[in-house]
Amino acid sequence: MLTSSDCHFGQFRYTLGATPPPRWETPERLATPRAGGAREAGRAYATSKLGIIYLAHALARRLPESVGVYSYNPALVAGTDFFRHAPGPVRGVLNGFFQLQRFLGRGMTPQQAGARLAETILTGLTARTGSYLDRGRHVPSSPESHDEAREEELWREAARLADADRRAERADILDE
C-alpha cells in the first residue's frame, strides 16, 4: 500500500480548495526546492500524491499478478499535525476545517484511518493490482494518473536514486 490522496484529482470537489491541483514536471525539477509559500507547498503535496499513483502503476507492471500493489487514499485525517509550520491563526483555521470535515463524515482520526487501512488489507482485496483505493473501496483515479510515460520516467529516476544510495552505502562499508 502506498499512501496517496484524492488531492491528486486537482478538483475543488475533492479538496474544497485546500490544495491547488498537481503540476507534473520532470522528476529532477520536482525534486528542486522552490519558493512560493503555502500555495506551492500544497501544489507539491498534490503532485507528490499523483507521483505515488504513478509509482504504484509502474511497480504493479513489474511484479507478478499475485503480488498486489495499491495506492491508498485514507481521506482527510485530522490530528496529524500536518499544518505544524503554518502561522498560528492559519494553523487554527485549517485544523478547525479538518475537525469539521471529520464531524461531517469526510475525515477521520489517525486511529480510525489506521484501522480502515488494516481492515482493507485483512479483508482480502479484490481490486486489480495497481488500483487506487479510496478508504478501502476501489475507485478510478484521475485521468491524469494514467500516463505510462510519466510512470516510467519517475520509476527510472527513483531507481537511479536508489542505486546511488546503495553505492554510497557500499562505499561507507568499505571505508570501515
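Visitor: Let's start with Phe 9 and Tyr 132: buried or exposed?

Guide: Both Phe 9 and Tyr 132 are buried. Bear in mind that we are looking at a predicted model.

Visitor: Noted. And how many aromatic pairs turn up in the whole structure?

Guide: The search finds 3 aromatic pairs. One of them joins Phe 9 to Tyr 132, with 6.1 Å centre to centre and 75° between the planes, an edge-to-face arrangement.

Visitor: Where do Phe 9 and Tyr 132 sit in the chain?

Guide: Phe 9 is in the loop between strand S1 (2-3) and H1, while Tyr 132 belongs to strand S5. They are 123 residues apart, and the pair links distant parts of the chain.

Visitor: What about Trp 24 and Tyr 54, what sort of pair do they form?

Guide: Trp 24 and Tyr 54 are edge-to-face too, with ring centres 4.9 Å apart and 90° between the planes. This pair also links distant parts of the chain: Trp 24 comes from the loop between H1 and H2, Tyr 54 comes from helix H3, and 30 residues separate them.

Visitor: Why do those two get called buried?

Guide: The cut-off for buried is under 20% relative accessible area. Trp 24 comes in at 14%, so Trp 24 is buried. Tyr 54 has 0%, so Tyr 54 is buried as well.

Visitor: OK, how about the second largest pocket, what's its volume?

Guide: The second largest pocket has about 410 Å³. Of its 22 lining residues, Leu 30, Ala 31, Arg 34, Ala 44 and Thr 47 are the closest to the centre.

Visitor: Which element gives the most to the lining of the second largest pocket?

Guide: H3 does, with 8 residues. Helix H2 (27-30), H3 and H6 each bring at least two residues to the lining of the second largest pocket. By class, that lining divides into 9 nonpolar, 6 polar and 7 charged residues.

Visitor: Since H6 came up, where is Glu 157 found?

Guide: Glu 157 is in helix H6. Its relative accessible area is 11%, so Glu 157 counts as buried. Setting aside neighbours within four places in sequence, Glu 157 is in contact with Pro 27 and Glu 28.

Visitor: Now backbone geometry. What's the phi of Ala 75?

Guide: It is near 85°, a positive value in a residue other than glycine. Most residues other than glycine have a negative phi. Ala 75 sits in the loop between strand S2 (71-73) and strand S3 (76-77), and Ala 75 is buried, with 15% relative accessible area.

Visitor: What about the phi of Arg 135?

Guide: Arg 135 has a positive phi as well, near 50°. Its place is the loop between strand S5 (132-134) and strand S6 (137-138). At 22% relative accessibility, Arg 135 is partly exposed.

Visitor: Last one: what span should helix H5 have, and what does the model give?

Guide: H5 runs over residues 110-122, which is 13 residues, so at 1.5 Å a residue it should span 18 Å. The end C-alpha atoms are 18 Å apart, in agreement with that. Just after H5, Gly 124 takes a positive phi of about 85°.

Key: Residues numbered from 1 in each chain as written. Predicted model: local features only at pLDDT ≥ 70, side-chain atom pairs only at ≥ 80, totals over all residues. Heavy atoms only, no water. Helix = DSSP H or I, 4+ residues; strand = E, 2+ residues; numbered from the N terminus. Buried < 20%, exposed > 50% of the residue type's maximum accessible area, 1.4 Å probe, protein only. 1 Å grid on protein atoms, 1.4 Å probe; cavity = no way out; pocket = protein on both sides within 12 Å on 5 of 7 lines; lining within 4 Å. Points joined across faces, edges and corners; volume = space filled by probe spheres on them. Nonpolar A, V, L, I, M, F, W, Y, C, P; charged D, E, K, R; others polar. Contact = heavy atoms within 4.5 Å. Expected span 1.5 Å × (residues − 1). Phe/Tyr/Trp six-rings, centres within 6.5 Å; stacked < 30°, edge-to-face > 60°.
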